[in-house]
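User: Hi! I'm new to reading protein structures, and I'd like to go through one with you. Can we take it one question at a time?

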Amino acid sequence: MGANNVNRETIRDAFTTLLAAALVGTGKPCAAVYGYSAADFSQQSPVVTVTSWNTERTRTAFQGEGTAFDTFKCGLLVEIYTLWQDADGSYTEASAEDQLDLVEKTIADTVADNTDTANWGDLYFARSSESDWAAIGGCFYRTERLYLIAEKLGG
């Protein structure tokens, strides 16, 4: 029988779909969610990207039972981008911080509400987030990186 390991794209796509539903639309905080690193956001804000971060595949044998389970851990890097300011002054540095906080909270709520799905058996934050700034498509963005792990048995 041939191997059939989990493709982390399946997990990344499923998580991107969850985030898009939670973050984009009327009354929701984001303009877009991308399941990849986009080169230009066309001055949209806030924007979230989801990329693969790392992978861990392990095989665990339980003594005395003779049973082995494969565990698949897929790292997801979620990056939040908010315009730092715009040319006409309607979007300020304070707006960027407020939006960053709201988007991070909404992502945390989405993770908490979806820890066990058909695509993973556990979903959790792997470590503390990191804040930074980035120039993308000629705009300056305030950013935050969130590191998550989606874990699945039989991977």
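User: In which sense do strand 4 and strand 5 pair, and over how many bridges?
Analyst: Before we start, keep in mind that this is a predicted model. Strand 4 covers residues 122-136, and strand 5 covers residues 139-153. The two strands pair in the antiparallel sense, over 12 bridges.

User: Which residue takes a positive phi in the hairpin of strand 4 and strand 5?
Analyst: This hairpin has two residues between the strands. A positive phi near 60° turns up there, and the residue that takes it is G137.

User: Is strand 5 mostly covered or mostly open, and how many of its residues are buried?
Analyst: Here, buried means under 20% relative accessible area. Strand 5 has 15 residues and is mostly covered. The number that count as buried is 11.

User: Which residue meets R142 in a salt bridge?
Analyst: We want a side-chain partner for R142, and the N to O distance of the pair is 2.4 Å. The partner is E97.

User: Are R142 and E97 buried or exposed, or something in between?
Analyst: Buried needs a value under 20%, exposed needs one over 50%, and partly exposed is in between. R142 has 10% relative accessibility, so R142 counts as buried. E97 has 30%, so E97 counts as partly exposed.

User: What is the distance between the closest N and O atoms of D109 and K105?
Analyst: Both residues sit in helix 2, four residues apart, which is about one turn of the helix. D109 counts as partly exposed at 33% relative accessibility, and K105 is also partly exposed, at 43%. Their side chains form a salt bridge, and the closest N and O atoms are 2.4 Å apart.

User: Which residues are linked with R127 in a network of salt bridges?
Analyst: Start with R127 and E130, whose side chains meet at 3.4 Å, N to O. At 42% relative accessibility R127 counts as partly exposed, and so does E130, at 28%. The residues linked with R127 in the network are E130, D132 and R145.

User: Is R145 buried or exposed?
Analyst: R145 lies in strand 5. Leaving out residues up to four places away in sequence, R145 touches L77, V78, E79, S129, E130 and D132. With 18% relative accessibility, which is under the 20% cut-off, R145 counts as buried.

User: In which strand is T49 found, and what is its relative accessibility?
Analyst: T49 is found in strand 2 (residues 47-62). Apart from neighbours within four places in sequence, its contacts include Y34, Y36, F41 and Y81. T49 counts as buried, and its relative accessibility is 1%.

User: How far apart in space are G75 and R12, C-alpha to C-alpha?
Analyst: G75 is found in strand 3 (residues 67-83) and is buried, with a relative accessible area of 0%. Among its contacts are W53, N54 and L148. G75 and R12 are 63 residues apart in sequence, while in space their C-alpha atoms are separated by 8.9 Å.

Note on methods:
Residues numbered from 1 in each chain as written. Predicted model: local features only at pLDDT ≥ 70, side-chain atom pairs only at ≥ 80, totals over all residues. Heavy atoms only, no water. Buried < 20%, exposed > 50% of the residue type's maximum accessible area, 1.4 Å probe, protein only. Pairing = 2+ DSSP bridges. Salt bridge = Lys/Arg side-chain N within 4 Å of Asp/Glu carboxyl O. Contact = heavy atoms within 4.5 Å.
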